[in-house]
Every structure is written in structure tokens, then in C-alpha cells.
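Hi there,

Here is the structure I promised to pass on to you. Please have a look at it first, and then read on for what turned up.

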Amino acid sequence: MKFRFNECACTPYNADFDGDEMNVHFPQTYEAKAESSLLMGVKHNLVSPRAGQPLIAAIQDFITAGHLLTKKDTFLTHSEVQRISATLLDITDINQRKIRLPPPAIIWPIKLWTGKQLIELVIAPFVDSNVRLNLSTKNKIHNPDDGEFTHKDTYVIIRNNQLLCGSLDKTLLGSESKTSIFYTLLRDWGEQHAIDAMWRLARFSGVYLSNRGFSIGIGDVRPNQQLLDEKRILLENGYKTCDQLNKTMKMEKAENKTRFWLG
């Protein structure tokens, strides 16, 4: 038997898609079914009871897409924005809702949207939504000496769902971070809004990456000559230090033996 679940829930299951097997239990009574859905449901266990940190959040391709989308040089045309926003529509939903697109950042000679603007679609894309997210935090590579509005784009500021500056990474989208977007939604607006935002990020991440393209080659993981030279020098210095320590230890032992026999 095979069953599917969102990749954001891989962490608590320790799932890594290499042939894992799971035990499935089927509650028999109505009481057991109700208790299981309330106590063991995924949306009721977003936070780890051990440290109070988010346990279920974006992983792998979702974080990659979020980071690439929010870089300063990412711009999207009207057709690309429409294609991404269309993935947020659930055809199985009885109550279809209208999506509110932000105005384009560039109007002439062609309308262009920044990737940062589409994060608003992850947080609260619908016209009738009353969710307002405000967040100011540093991402994983931020240097405190750079300040907030740095040209490195490493400090994230969100005001009323709008990403004003900063590029998103694992600190803002991943688990084990109390400054992430999903944890803030969970804390301020409840678990349903948090899991809905994860679902929307998962939906358009695949579409964005499939159209943009993302791959690595052997050259991206092979060490360059500078790194090899630094490694060789480090090993040579380490071996020299060890040899010197061994010689010193042998000389001290010889001196101690001489003193013992002479004494």
C-alpha cells in the first residue's frame, strides 16, 4: 500500500524517500477516530513539544524556490505571475475565492513583478483575507555589522504581508526557527493559516523551478585548486606539529629514564 503526504511533514516522520517503510494503524471506533484526528493530526503538531520550535515547515525544493524567487534580480512577466498564481486555486474547493495580485513594480515598457511581491500570495492571496503578517528578522547569512537595509539583502522586513527587503532562506521558511514565516502565522493567526501558507508555497515552488530551471553539475561539488592547496598546506602543518610533539615526548621519556638510572 502507498500513501502520500506533503513534503513539509517529512521531518517528524524522518522520511527521506529512499524506500522507507511505515506502520499504519486503523482506529476502529468513532471515539478512537476522533481522538486520533485531534491528538495525532499533522496540523495539531506543527510545534515540537521539546523546545517549542516549529517541527513541520518547508524543506529542500521549497526553500530553494523561496530563496531564488526573493533575490533582488528576480523579475516576472504578467504571464508568469498568472501561471504561478493559478496553482493556488484548488478545484476541489466548493467555495472558490478570488486572488488579489499586487500591482506591478515596473509598468513601462513592460509590466514586471518582483519575486518578493509573490510572497504576499503565500501569506494571504485572497481578496477577502484579513491576515496581516509583520516580521523583522535576519536571515541565515546576515552580518550584524551590516545593519537592516544592506545591499547584501540579508535582513528581512515584512509589513502587512509585503516583503519589503531581504531574501528568504531556511531561517524564514524552514523548521527549528521561531522567526520563520510559518511560526509567526501559527502564533498570531492559528494553525490553519500556517498550514495553508505551507500548501501554497509547495504548490507554486514546483511550477517556478520547472520553468526557471535548477540543476547542479560535478563542477559545483568538486573542490577547486585553491581549496586543494589550502588543504595540502593544512595537512602538512598538522603532520609537522604531530612529528614535533612525538619527538619532544620521546626526548622527555629518554631524559626521565636517564635520571631514574642515575638517581
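N224 sits in the loop that runs between α9 (218-221) and α10. With a relative accessible area of 46%, N224 is partly exposed. I also looked at where N224 lies relative to L101: the two are 123 residues apart in sequence, and their C-alpha atoms are 44 Å apart in space. Please keep in mind throughout that this is a predicted model.

L88 gives another such pair. Its C-alpha is 8.6 Å from that of W199, although 111 residues of sequence separate L88 and W199. L88 belongs to the loop between α4 (78-86) and β2 (113-114). Is L88 buried or exposed? L88 is buried, because its relative accessibility is 2% and the cut-off for buried is under 20%.

Next, the salt bridges. As a reminder, side chains of opposite charge can pair when their charged atoms come close. The count for this model is 3 salt bridges.

The side chains of K116 and D153 form one of them, with an N to O distance of 2.8 Å. This pair ties together distant parts of the chain, 37 residues apart: K116 is in the loop between β2 and α5 (119-123), while D153 is in the loop between β3 (135-138) and β4 (155-159). K116 is buried at 11% relative accessible area, and D153 is also buried, at 8% relative accessibility.

R232 and E236 make another salt bridge through their side chains, at 3.5 Å from N to O. Why are these two separated by about one helical turn? Because they are 4 residues apart in helix α10, which covers residues 225-262. R232 has a relative accessible area of 42% and is partly exposed; E236 is partly exposed as well, at 37% relative accessibility.

R187 and D188 are also joined by a salt bridge, with 2.9 Å between the closest N and O atoms. R187 is exposed, its relative accessible area being 52%, whereas D188 counts as partly exposed at 43%. The cut-off for exposed is over 50%, so R187 passes it.

An unreviewed UniProt entry carries the annotation "domain: RNA polymerase alpha subunit" for residues 3-42.

One is a patch of negative charge, where D16, D18, D20 and E21 gather on the surface. Among these, D20 is placed in the loop between α1 (10-13) and α2 (30-39), and D20 is partly exposed at 40% relative accessible area.

The other patch is nonpolar: F3, Y13, M22, V24, F26 and V42 make up about 550 Å² of surface. What is the place of F26, one of its members? F26 is found in the loop between α1 and α2. With a relative accessible area of 56%, F26 is exposed.

If you open the model, you might start with K116 and D153, whose side chains meet in a salt bridge, and then turn to the nonpolar patch that includes F26.

Terms used
Residues numbered from 1 in each chain as written. Predicted model: local features only at pLDDT ≥ 70, side-chain atom pairs only at ≥ 80, totals over all residues. Heavy atoms only, no water. Patch = residues over 30% accessible without salt bridge, like charges linked within 9 Å, V, L, I, M, F, W, Y side chains within 5 Å. Areas by Shrake-Rupley, 256 points an atom, 1.4 Å probe, with all protein chains shown as cover. Salt bridge = Lys/Arg side-chain N within 4 Å of Asp/Glu carboxyl O. Lys, Arg positive; Asp, Glu negative; His and termini not counted. Charge placed at Lys NZ, Arg CZ, Asp CG, Glu CD. Buried < 20%, exposed > 50% of the residue type's maximum accessible area, 1.4 Å probe, protein only. UniProt positions renumbered as here; feature names shortened; annotations may be inferred.
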